[in-house]
Amino acid sequence: MRHNPIEDVSPLSGLSSLTNLCLFDTDVSDLTSLSACPRLSTVDVGATLIDSLSAFDGLDAMQTLVIRKAPLQSLEHIESHKLLQTVYLSETQLLDLTPLLQLPNLQQVEVSQDMKAAVDSLQGQYEFDLIFQ
């Protein structure tokens, strides 16, 4: 569904075996209707309208989240996604990365160079790999 003017993903809610979903460069702003997809583990919502992680409420199996180039300004609610292992945050407007410290399975985080101050504030507090894009 990449590069598609789709706004509503609720028709996908009946796909109980859905594991990966790429919505990059779409007009999607909410994924909560996909909570009926218990196997959805990889979600790419880069360059979408998503500006809050509450858009992912109910996606409890998510292990990989790609949210590059989105108007995301806060990581509030990320702590509810305990299974997250990989998060791509480059080219977002995030200034505070400390909520990532609440994710026990986190292994890798991608950030952009302009997020260096936010990364520096985590010094010595994280065990995941940080990759600068």
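**Exercise 1.** Is Glu 110 buried, partly exposed or exposed?

*Solution.* The model is predicted, local features require pLDDT of at least 70, side-chain atom pairs count only at pLDDT 80 or more, and totals for chains, interfaces and linings use all residues. Residues are numbered from 1 along each chain as its sequence is written, and side-chain values use heavy atoms, with hydrogens and water left out.

Step 1. The classes are set by relative accessible area: buried is under 20%, exposed is over 50%, and partly exposed lies in between (1.4 Å probe, protein chains only).

Step 2. Glu 110 has a relative accessible area of 5% and is buried.

**Exercise 2.** Identify the salt-bridge partner of Glu 110 and state which parts of the chain the pair ties together.

*Solution.* Step 1. The criterion for a salt bridge is a side-chain nitrogen of Lys or Arg within 4 Å of a carboxyl oxygen of Asp or Glu.

Step 1. The partner is Arg 68, with the closest N and O atoms 2.7 Å apart. Helices (H or I, at least four residues) and strands (E, at least two) are DSSP runs, numbered from the N terminus.

Step 2. Glu 110 is buried, while Arg 68 is partly exposed at 27% relative accessible area.

**Exercise 3.** Describe the salt bridge within helix 1.

*Solution.* Step 1. The structure holds 2 salt bridges. One of them joins the side chains of Lys 116 and Asp 120, at 3.2 Å from N to O.

Step 1. Both residues lie in helix 1 (residues 116-120); they are 4 residues apart and therefore separated by about one helical turn.

Step 2. Lys 116 is partly exposed at 43% relative accessibility, and Asp 120 is partly exposed at 35%.

**Exercise 4.** Determine the strand order of the sheet and its edge strands.

*Solution.* Step 1. Two strands pair if DSSP finds at least two bridges between them.

Step 1. An open sheet is formed by 6 strands in the order 1-2-3-4-5-6, with parallel pairing. Its edges are strand 1 (20-22) and strand 6 (129-132), each of which pairs on one side only.

Step 2. On average, neighbouring strands of this sheet are turned by 5 degrees against each other, direction ignored. Axes here are lines fitted to C-alpha atoms, for helices over the stretch in contact, and angles run from 0 to 180 degrees between N-to-C directions.

Step 3. Within the sheet, strand 2 (residues 42-44) pairs with strand 3 in the parallel sense over 3 bridges. Val 43 stands opposite Leu 65 in strand 3.

**Exercise 5.** Locate Asp 25 and Glu 91, and state the phi value of each.

*Solution.* Step 1. Most residues other than glycine have a negative phi.

Step 1. Asp 25, although not a glycine, has a positive phi of about 60 degrees. Asp 25 lies in the loop between strand 1 and strand 2 and is partly exposed at 36% relative accessibility.

Step 2. Glu 91 has a positive phi near 60 degrees. Glu 91 lies in the loop between strand 4 and strand 5 and is partly exposed, with a relative accessible area of 46%.
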